[in-house]
Amino acid sequence: MATADDRRADREQGMWSAVLGWRERVRARPGGRLTLKILIGVIGAALVIGGLIMVPFPGPGWLVVFAGLAVLATEFAWASRVLDFAKDKVTSATDWLVRQNWVVRIVASALTLALAAVIVWGTLKLVTGIDLLQEARDLLG
């Protein structure tokens, strides 16, 4: 008797096969390979650029950047190499931070938070003209 997990795995396998089959049918048509490459390039680039814009703000900036690289890696070998390099560097940095004592972790977290705050402040000042520091001074003093 098939369990719910088995049925779900079969469904996922069927969906993946359908996607790959669709992709191969598109590639088989005249101009299909180029069209697919352009489409994947545009979608992947939009994800990478959007993710880079979101990086300093709260939210999934880096996740979107990696998703964009993964999309690009389906068609471009260079994107696959960049994705592998980035994953290696993130893993190395995470492993290094885990090996450190709590003081180093707190300092790294504080520096990351301070950098994000400076980027948010600068972006708000440039885009909207709102200076959060001046607003805080006006409210407090």
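**Helix contacts and aromatic pairs**

Biologist: Why does E75 count as buried?
Modeller: The relative accessibility of E75 is 11%, and buried means under 20%, so E75 counts as buried. Bear in mind that this is a predicted model.

Biologist: Where does E75 sit, and which residues does it touch once those up to four places away in sequence are not counted?
Modeller: E75 belongs to the loop between α3 and α4 (77-99). With those sequence neighbours left out, E75 touches R23, R27, L36, K37 and I40.

Biologist: Nice. How do you know whether α2 runs roughly parallel or antiparallel to α3?
Modeller: The axes of α2 (residues 32-54) and α3 (residues 61-73) cross at roughly 165 degrees and come within 7 Å. Angles over 145 count as roughly antiparallel, so α2 is roughly antiparallel to α3. Their crossing is left-handed.

Biologist: Which residues make that contact, and how do they divide by class?
Modeller: From α2 come I40, G41, I43, G44, A45, L47, V48, G51, L52 and M54. From α3 come G61, W62, V64, V65, A67, G68, L69, V71 and L72. By class there are 14 nonpolar, five polar and no charged residues, and Gly counts among the polar ones.

Biologist: And how do α3 and α4 cross?
Modeller: The α3 and α4 axes come within 7 Å, at a crossing angle of roughly 145 degrees, and this crossing is left-handed too. On the α3 side are F66, L69, A70, L72 and A73; they meet W78, A79, S80, V82, L83, A86, K87 and V90 of α4. The class count here is eleven nonpolar, one polar and one charged.

Biologist: On to the rings: how many aromatic pairs are there?
Modeller: The count is two.

Biologist: What makes the pair of W62 and F66 stacked, tilted or edge-to-face?
Modeller: The ring centres of W62 and F66 are 6.4 Å apart, and the pairing limit is within 6.5 Å. W62 and F66 are four residues apart in α3, about one turn of the helix.

Biologist: What about F76 and W78?
Modeller: Their centres lie 6.0 Å apart with planes at 40 degrees, so this pair is tilted.

Biologist: How do you know which of F66, F76 and W78 are buried or partly exposed?
Modeller: Against the 20% cut-off, F76 at 18% counts as buried. F66 at 23% is partly exposed, and W78 at 43% counts as partly exposed, because exposed would need over 50%.

Technical notes: Residues are numbered from 1 along each chain as its sequence is written. This is a predicted model: local features need pLDDT of at least 70, side-chain atom pairs count only at pLDDT 80 or more; totals for chains, interfaces and linings use all residues. Side-chain values use heavy atoms; hydrogens and water are left out. Axes are lines fitted to C-alpha atoms, for helices over the stretch in contact, and angles run from 0 to 180 degrees between N-to-C directions. Helices (H or I, at least four residues) and strands (E, at least two) are DSSP runs, numbered from the N terminus. Angles under 35 degrees count as roughly parallel, over 145 as roughly antiparallel, 65 to 115 as roughly perpendicular and the rest as oblique. A crossing is left-handed if the near helix is turned anticlockwise from the far one by less than a right angle, and right-handed if clockwise. Contact means heavy atoms within 4.5 Å. Rings of Phe, Tyr and Trp (its six-membered ring) pair if their centres lie within 6.5 Å; planes under 30 degrees apart count as stacked, over 60 as edge-to-face and the rest as tilted. Buried means under 20% relative accessible area, exposed over 50%, partly exposed in between (1.4 Å probe, protein chains only).
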